[in-house]
Amino acid sequence: MTQSASGRLAGKTAVITGGAAGMGRATALAFAREGARVAIIDIQDEAGRETVDMIREAGGRGNFFHADVSKAAEVDGAFDAVAREMGSYDVLFNHAGTIIVKALHESTEEDYDRLMNINVRSAFLVCRRALPEMVANGGGSVVITASIASELGYALESLYCMTKGAVLQLARAISVEYREQGIRCNAVCPGFVKTAHGLREIAELDAAGQKWEEGDLAATQGRICEPEEVAAAVVFLASDEASFINGAAIYVDNGWYAKG
Ligand code: NAD
């Protein structure tokens, strides 16, 4: 990777939550390849610093900031540090999230709180903090990681589907509320992606009697998606090439959602 002075994100600074691993890491590397400076916010310090090392070894620029994005004080602390160390930013990729695979009737209030906090409260806290700063800087692009589960229902994923529906609606609402202030906001909706999250999800669903590995994956999206294939969509949405794309949900699922 060589940092590009003429890349699609040249001159821009991007903040990524959940950028230490998986799709967040793949997107951090892709952003840097396209010329952006990248601020990674994550709860995993070692993996986050490793992603920054990968960016720097390839000639790019990136910094790591620790925060549990479900906690307001930590979100504000990390964004304070981003402002101090990197200045203003033009792109926000709100990606951090997790999943619990469990029947609804077996789910506890702790499960509910955990998923709502990590998937939904975090998006609220991060966007609440970042939007005024981006507006003050002349606008920019926000991408929120939703899911095919934002629109389709899945057994053993009721709580997860509920949280992903919420963040898709957040993306749409932001696109309307902040359009006049120069903000575009879109959602990326992956199917199953080859990350710790996606592989654990498939394994837990199969352990509960489903047959994703054995056949359902082939029947729905054909194969598992590589994190880089999602990153490519996020780069496009983040870039000025997507200048008139606002409030969209981009499915990265090889036609699974279209199939229904
Ligand atoms: P991943 O587990 O590899 O990465 C998730 C990243 O988010 C990790 O770096 C993790 O440390 C970070 N994170 C988790 N909780 C955090 C918190 N409270 N504060 C800060 N950072 C936190 O998985 P991934 O698949 O790359 O990303 C998960 C995101 O992608 C979620 O939003 C999930 O809903 C979405 N998603 C995943 C898939 C899939 O199949 N992998 C499909 C659709 C949507």
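**View 1. Seven strands form an open sheet with parallel pairing.** Reading across, the strands follow the order S3-S2-S1-S4-S5-S6-S7. Strands here are DSSP runs of E with at least two residues, while helices are runs of H or I with at least four, each numbered from the N terminus. Two strands pair if DSSP finds at least two bridges between them. At the edges sit strand S3 (61-66) and strand S7 (249-252), each pairing on one side only. On average, neighbouring strands of this sheet are turned by 20° against each other, direction ignored. This is a predicted model, in which local features need pLDDT of at least 70, side-chain atom pairs count only at pLDDT 80 or more, and totals for chains, interfaces and linings use all residues. Residue numbers start from 1 along each chain as its sequence is written.

**View 2. Strands S1 and S2 run parallel.** Here, five bridges join S1 (residues 13-17) to S2 (residues 37-42). Look for Ala14, whose bridge partner in S2 is Val38.

**View 3. Helix H8 packs on the sheet.** H8 (residues 227-238) touches S1, strand S4 (91-94), strand S5 (140-145), strand S6 (183-190) and S7. Its direction makes about 165° with that of S6; axes are lines fitted to C-alpha atoms, for helices over the stretch in contact, and angles run from 0 to 180 degrees between N-to-C directions.

**View 4. Helices H3 and H4 pack at an angle of about 35°.** The axes of H3 (residues 72-86) and H4 (residues 109-136) are 10 Å apart. Ala72, Val75, Asp76 and Phe79 in H3 meet Leu125, Val126, Arg129 and Ala130 in H4 (contact: C-beta atoms, placed from the backbone, within 7 Å).

Terms used:
Contact = placed C-beta atoms within 7 Å.
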